[in-house]
Amino acid sequence: GTADFVINNTGDVGIGTTSPGALLHLVGTTPELRIATAADGETARLGLYEDSAGTHHGGYIQYVGGGDTLRLGIVNSTVSTDVITIKDDFNVGIGTTLPTSQLFVNNTSDGDKIRWGRSDALVGSVGTFNGVPYIGYQGGAGGGIMFNGSSIEPTLLGSSRSSNTND
């Protein structure tokens, strides 16, 4: 019969294959690598690191039980930072672990928060300037709309911007 588990002469491990092509090679009709916690409410984490100690730089996928949350994060100099959070109500957070809407982008500084492009060229953005939200576009000299308290103002959004009022 066929071996279910193989370690070849280079140390590659095959499960469901007799000729593994990577350090760990799984073959099956629906292969799944499962990491499970011992009990409900616990956290399961898969870490991907660039150093053998696994502590300096890399990333992770983490399931947080109890809150039923999936997180994608980075590790820099042993500090773990959650970057993207997906909650069980399908709310997604970037820069927050507590998204309160379908997409919640959080940052502590001004500037573009979301950008979109066409053919890899920037055509528009959403962000803040001095804490005031704007929607901008890059057509000719650029322009957009600032939401300034109770007013909505058309504005230029060029690099020469010096205030949060109409240019």
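Here are some friendly notes on the predicted model above, point by point.

1. **Ground rules.** This is a predicted model, in which local features need pLDDT of at least 70 and side-chain atom pairs count only at pLDDT 80 or more, while totals for chains, interfaces and linings use all residues. Residues are numbered from 1 along each chain as its sequence is written, and side-chain values use heavy atoms, with hydrogens and water left out.

2. **Confidence.** The pLDDT is the predictor's confidence in each residue, from 0 to 100. For the protein chain the average is 84, and 85% of the residues score at least 70. Strands here are DSSP runs of E with at least two residues, numbered from the N terminus.

3. **The three-stranded sheet.** An open sheet of 3 strands runs in the order β1-β2-β3, with mixed pairing; two strands count as paired if DSSP finds at least two bridges between them. Its edge strands are β1 (5-7) and β3 (24-26), each pairing on one side only. On average, neighbouring strands of this sheet are turned by 15° against each other, direction ignored. That angle is taken between axes fitted as lines to C-alpha atoms, on a scale from 0 to 180 degrees between N-to-C directions. Strand β2 (residues 13-15) and β3 run parallel and are joined by 3 bridges. If you want a place to look, G14 has H25 in β3 as its bridge partner.

4. **The six-stranded sheet.** A further open sheet has 6 strands in the order β4-β5-β6-β7-β8-β9, and its pairing is mixed. The edges are held by β4 (43-49) and β9 (103-105); each has a single partner strand, so one side of each is left without a neighbour in the sheet. Here neighbouring strands are turned by 20° against each other on average, direction ignored. Strand β5 (residues 57-64) pairs with β6 in the antiparallel sense over 8 bridges. One of the pairings to check on screen is V64 with its bridge partner T69 in β6.

5. A salt bridge means a side-chain nitrogen of Lys or Arg within 4 Å of a carboxyl oxygen of Asp or Glu, and the count comes to 3. In one of them, D82 meets R71, with the closest N and O atoms 3.2 Å apart. This pair links distant parts of the chain, since D82 is in strand β7 (residues 79-87) and R71 in strand β6 (residues 69-76), 11 residues apart. R71 is buried at 18% relative accessible area, whereas D82 is partly exposed at 23%. Buried means under 20%, exposed over 50% and partly exposed in between, with a 1.4 Å probe and protein chains only.

6. **Two further salt bridges.** E32 and R34 form one, their closest N and O atoms being 2.6 Å apart, and both residues are exposed. D112 and R115 form another, at 2.7 Å between the closest N and O atoms. Of this pair, D112 is partly exposed at 30% and R115 is exposed at 57%.

7. **A nonpolar patch.** A nonpolar surface patch of about 790 Å² includes I94, W116, V126 and F147. Patch residues have over 30% relative accessible area and no salt bridge; like charges are joined within 9 Å, and nonpolar side chains (Val, Leu, Ile, Met, Phe, Trp, Tyr) within 5 Å. Areas come from the Shrake-Rupley method with a 1.4 Å probe, and for residues only the protein chains shown count as cover. The elements giving two or more residues to the patch are β10 (111-118), β11 (121-129) and β13 (143-148). V126 sits in strand β11 and is partly exposed, at 31% relative accessible area.

Definitions and conventions
Helix = DSSP H or I, 4+ residues; strand = E, 2+ residues; numbered from the N terminus.
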